[in-house]
Amino acid sequence: MKRILKTYGIAFIFVAIYAFVKLPVLRFDFTSGFSTVIIFFVLAGIFDMMLDRGERTSKIAKNNFIIAALLLVVVIVIPFFITSPIFRASTYRDLLGKVEESVFTEDVSPVSIDEIRIVDEEMAMKLGEKKIGEIPAIGSVSKVGEYTIQNIKGELYWIAPLVHRDIVKWITNLEGTNGYIMVSATNPQDVRLVQNLDGKQLKIVYQEEAYFLQDLHRHIYLNGVVNYGMTDFNFEIDDNGRPYWVVTLYDHQVGYGGANATGTAIVDAQTGEVKVYSVKDTPKWVDRIQPESFVINQINDWGLYIKGFLNSVISEEGVLLPSEGTSLVYGKDGRSYWYTGITSSGADESTVGFMLVDSRTKEAKFYMQTGATEVAAMNTAEGKVQEKDYKATFPVMYNILGKPTYVLGLKDKAGLVKNVSFVSVEDYSMIGIGESKEEAFKNYKEVLEAEGSEIDIEKSEDLITIEGTVARINQDIKGGNATYYITIDNNTIIFTGNSKISDELPLTMVGDKVSIMYMKSDTNVIGMSEFDNLNIGEKKESAKDKKEEKSSKKEETKEETEEESTNN
């Protein structure tokens with residue numbers, strides 16, 4: 001009896017050390033817990049043999065090995081039957097939940113030009129590294145961690161913590177790293193290093209780059225979260241700028257597969273306080289609960305097993321697949337959605353539609369919209385400037401002028417955005433490129449009009465046309481390019497633009513009557529979409545009059561069509 005207790009005691013100590021390092025999930029739908037038990041019985045058998053002075057293997061040791069072998073069979077054989085899509089295809093397909101078909105223009109409102117993001121994660125990384133490089137004392141001990149895009153009080157920012165460079169830097173800085181980086185997703189000039197909050201110095205103590213009890217995963221585990229899988233360790237800040245780690249908790253819905261988010265563990269990055277929430281009760285400032293990998297896997301299963309497992313590998317009738325690449329887009333309601341195009345099996349550059357999945361609730365909507373894939377749009381944009389050898393960023397889709405439109409940046413070899421491109425999802429030959437978002441928008445609008453495509457300018461709440469007299473005008477020359485700044489009477493907005501917006505802009509003087517079209521924005525400095533000097537040349541119709549005339553013509557055409565229909 002004494003030997004048995006000693007054997008199991010030693011085995012338990014070794015397994016406890018193993019568990020401290022590997023952090024096994026203690027649930028029946030995870031194999032890591034079973035693996036830990038198998039290791040325990042194998043070690044118990046080995047230690048019993050070492051303590052037993054007899055020539056033959058003891059009965060206790062044999063029993064330990066038999067139990068370990070049986071558990072190993074269970075872990076290998078049972079999961080195949082209760083997890084394999086061969087037997088569970090319909091269950092995998094249902095993981096995504098109900099997918100509603102919807103209309104793009106009804107669900108996705110037109111976006112302001114100022115709200116379109118042109119800074120991708122790669123560019124944010126470069127800007128962040130440059131920022132901490134300005135302070136050698138920080139850059140020598142810390143590095144920038146992984147970025148997470150987040151909506152902060154209506155504006156999009158890439159957020160990343162400063163983390164330990166290595167174990168030596170962690171040992172010498174146990175009090176934590178100094179703050180976090182914020183990079184605007186819409187303005188590459190807006191880069192901030194946040195080191196103080198409410199007059200106190202920020203210290204990121206708990207992080208994935210720390211060790212032992214400060215290791216983020218281990219800290220959550222030792223605080224009682226032992227019965228859920230953990231993934232997506234995202235760094236986010238609340239509305240007051242306080243840093244937290246938002247970690248997705250998940251279980252398996254199909255045997256030992258079919259990972260599905262069940263809630264979150266939110267950790268104060270400074271104090272280590274851990275709070276566990278369900279998906280429904282997670283604080284509203286959290287943007288992402290559903291991991292990108294989970295969503296894409298479930299979209300893939302939804303389209304792949306539409307007619308069962310055999311159809312997915314033989315005839316592939318009706319099979320739909322997510323296109324290459326995923327992006328996180330934000331709706332006008334401030335909520336974030338995982339976006340991916342949907343293609344038919346075998347399609348290369350065309351989509352049959354696209355899907356938006358709420359990154360908190362996993363509510364999914366499918367939009368039937370044939371068009372180009374994201375990769376096709378990237379290739380088209382790069383082809384337009386092939387002599388410059390620019391590389392396209394992965395596109396983000398927006399509602400531009402009532403049309404689903406890919407917006408992407410074109411970067412030089414240094415990773416800086418030199419051009420912005422608008423590409424129609426419906427027809428990727430319709431493309432507008434410019435050195436700024438405003439110029440690209442103008443060119444894109446002209447291409448749509450030239451091709452006879454109906455655009456919803458008059459229905460866009462964000463597109464505004466005003467007339468007035470120029471109160472001030474001046475220019476700012478940077479890199480050989482002149483940007484004009486204009487204010488008009490009875491208006492506090494400063495309008496900006498260059499000669500590519502209008503040839504009349506350089507000739508405009510104080511006192512001229514002008515018409516300006518722009519996208520509504522919360523900022524005080526706004527780029528012009530169209531500019532018309534009403535004092536130059538012959539008297540012209542203003543943009544506002546053109547808009548009203550266009551609307552009137554549409555109504556007349558509609559009435560004539562209805563009249564002909566009635567007569568027939």
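Strand 5 and strand 6 (residues 191–194) pair in the antiparallel sense, joined by four bridges. Strands here are DSSP runs of E with at least two residues, and helices are DSSP runs of H or I with at least four, numbered from the N terminus. Two strands count as paired if DSSP finds at least two bridges between them. This is a predicted model, where local features need pLDDT of at least 70 and side-chain atom pairs count only at pLDDT 80 or more, while totals for chains, interfaces and linings use all residues. Residues are numbered from 1 along each chain as its sequence is written, and side-chain values use heavy atoms, with hydrogens and water left out.

Stay with this pair of strands. They form a hairpin, with six residues between them.

Now turn to another partner of strand 5. Strand 4 (residues 155–164) runs antiparallel to strand 5, and five bridges join the two. Here Tyr157 has Ser184 of strand 5 as its bridge partner.

How many residues of strand 5 (residues 180–184) are buried? Five of its five are. Buried means under 20% relative accessible area; exposed means over 50%, and partly exposed lies in between (1.4 Å probe, protein chains only). Both faces of strand 5 are covered. Tyr180, Met182 and Ser184 are buried on one side. Ile181 and Val183 are buried on the other.

Next, look at Gln150. This residue is found in strand 3 (residues 148–152). Gln150 is buried, with a relative accessible area of 1%. Its side chain has a polar atom 2.6 Å from the backbone oxygen of Ile237. That is a polar contact: a pair of N or O atoms within 3.5 Å, where within protein one must be able to donate a hydrogen and the other to accept it, and residues adjacent in sequence count only if both atoms are side-chain atoms. Leaving out residues up to four places away in sequence, Gln150 touches several others, including Tyr157, Ile237, Trp285 and Tyr330. Contact means heavy atoms within 4.5 Å.

Finally, step back to the whole protein. There are 14 helices and 27 strands. The C-alpha atoms fill a box of roughly 110 × 70 × 45 Å, taken along the principal axes. Buried residues make up 50% of the 568 residues. Among contacts between residues at least 6 apart in sequence, 54% join residues at least 24 apart.
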